[in-house]
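Keep the viewer open as you read.

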Amino acid sequence: MDFARLWLGLLLPSVAALDFGYHHQEEMEAFLKNVAQNYSSITRLHSIGKSVKGRNLWVLVVGRFPKEHRIGIPEFKYVANMHGDETVGRELLLHLIEHLVTNDGKDFEITNLISSTRIHFLPSMNPDGFEAVIKPDCFYSNGRENNNYYDLNRNFPDAFEFNNVSRQPETVAVMEWLKTETFVLSANLHGGALVASYPFDNGVPATGTLHSRSLTPDDDVFQHLAHTYASRNPTMKKGDQCKNKMNFPNGITNGYSWYPLKGGMQDYNYIWAQCFEITLELSCCKYPHEEKLPFFWNKNKASLIEYIKQVHLGIKGQVFDQNGNPLPNVIVEVQDRKHICPYRTNKFGEYYLLLLPGSYVINVTVPGHVPYLTKVVIPEKSQNFSALKKDILLPFRGQLDSIPVSNPSCPKIPLYSDLPSHSAATKPGLFLFLVTVFHIFVK
């Protein structure tokens, strides 16, 4: 640790303490702009688009190099307020931002986290919905949807069945945002239950729907991620703290096991953006009284920070040719867990694979060439704030002309349509049907 940096941290400017109340658009903007101005060396504020009513979708980046991508520095993101009437996550992200910037150079863990990660915050994906809530309600308010009356968490392309809804400005903004960064890990924050939910939200028999679940090739990692968050939240980990809601063992659930959902954001992130995302339901009441916000901050603070650290799981590196040129769009995946949209290196030749400790065979494939296999062992005790680094030198001479300049996009169609019929995914048994009806307004 750089002790000079810690000492200098004591001299850093500070922002006025953020109160525990609900912050509407103007107040939220003022806070974010104040942070960006006072902590310009570790923050960057920008808008990724506008809502239906023209409100900015603000993103604050926190990191030692906030304005540019750095090789080996993974990108993490938190998204909240996707449903305008689910408000706890929005406020928690504002307090987390304050906690990070005011403790940089003072707290060892926070300083290391900011030095090794670029953390992106989108506190309100649905600002119109938030502003539309006139009478807050625990179960449903008129601000759940955006200003065009669309549920944004049903508005993304779906890999299992056609989702022929009108793509909303907020959804399009997020989809375009995902193309600009190499996001590795993410969480979206909701309310109305108390559980960490992991993909898939939709599915087909091939992913396990006949067993009332839908599992990804990385199910072990997703269960670890969900458990990491829930286990540090003393109420969530009990799994039964919301009256008249399902019980969730250890505070986690597979999304499809809870109820099927078409067009969800976490599935889209995993399939089309190479980003592992889980859904965090943080409060039994969607829009609780603001005097309860300190309670939610105290219960979630440790989980929010520990979850960010999971972006450093597994292995990372670059792929080069024999002349040391980084190679974009090379497929890099574990041999026995291929993704339906193959995971590829970015324009810098970088790859990131979230993996638990163990032995793996990495399959590196250049289109038109024989796959290159290499074995890696990820130790039980991972390096602090860094995945295992392994650069890969391919046995090719010169830049490979066969690799396209830009990333080949995976088609936005039901990619599982050639697998066995997925009628079971949309026609669950009686138990799942009743659960779906009961909880349809939660996620």
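Predicted model: local features only at pLDDT ≥ 70, side-chain atom pairs only at ≥ 80, totals over all residues.

Residues are numbered from 1 along each chain as its sequence is written, and side-chain values use heavy atoms, with hydrogens and water left out.

Find strand β6, residues 193-198; strands (E, at least two residues) and helices (H or I, at least four) are DSSP runs numbered from the N terminus. Six of its six residues are buried, meaning under 20% relative accessible area, with exposed being over 50% and partly exposed in between (1.4 Å probe, protein chains only). In a regular strand the side chains alternate between the two faces of the sheet. Here Ala193, Val195 and Ser197 sit on one side of β6 and Leu194, Ala196 and Tyr198 on the other, and both faces are covered.

Who are the neighbours of β6? Strand β8 (residues 276-283) runs antiparallel to β6, joined by five bridges; strands count as paired if DSSP finds at least two bridges between them. Ala196 has Leu280 of β8 as its bridge partner. Strand β7 (residues 252-254) runs parallel to β6, with three bridges, and there Thr253 stands opposite Ser197.

Now look at helix α6, residues 169-180, which spans 17 Å from first C-alpha to last. That is close to the expected 16 Å, taken as 1.5 Å times one less than the number of residues. Its buried residues include Trp177 and Leu178.

On to the cysteines. Counting sulfur pairs within 2.5 Å, there are three disulfides. Cys138 and Cys285 have their sulfurs 2.0 Å apart. The torsion about their S-S bond is about -95 degrees, so this disulfide is left-handed. Cys138 is in the loop between α5 and α6 and Cys285 in the loop between β8 and α10, so the pair ties together parts 147 residues apart in sequence. Cys242 is joined to Cys284, also a left-handed link, at -90 degrees. In sequence order, the bonded cysteines pair 1-4, 2-3, 5-6.
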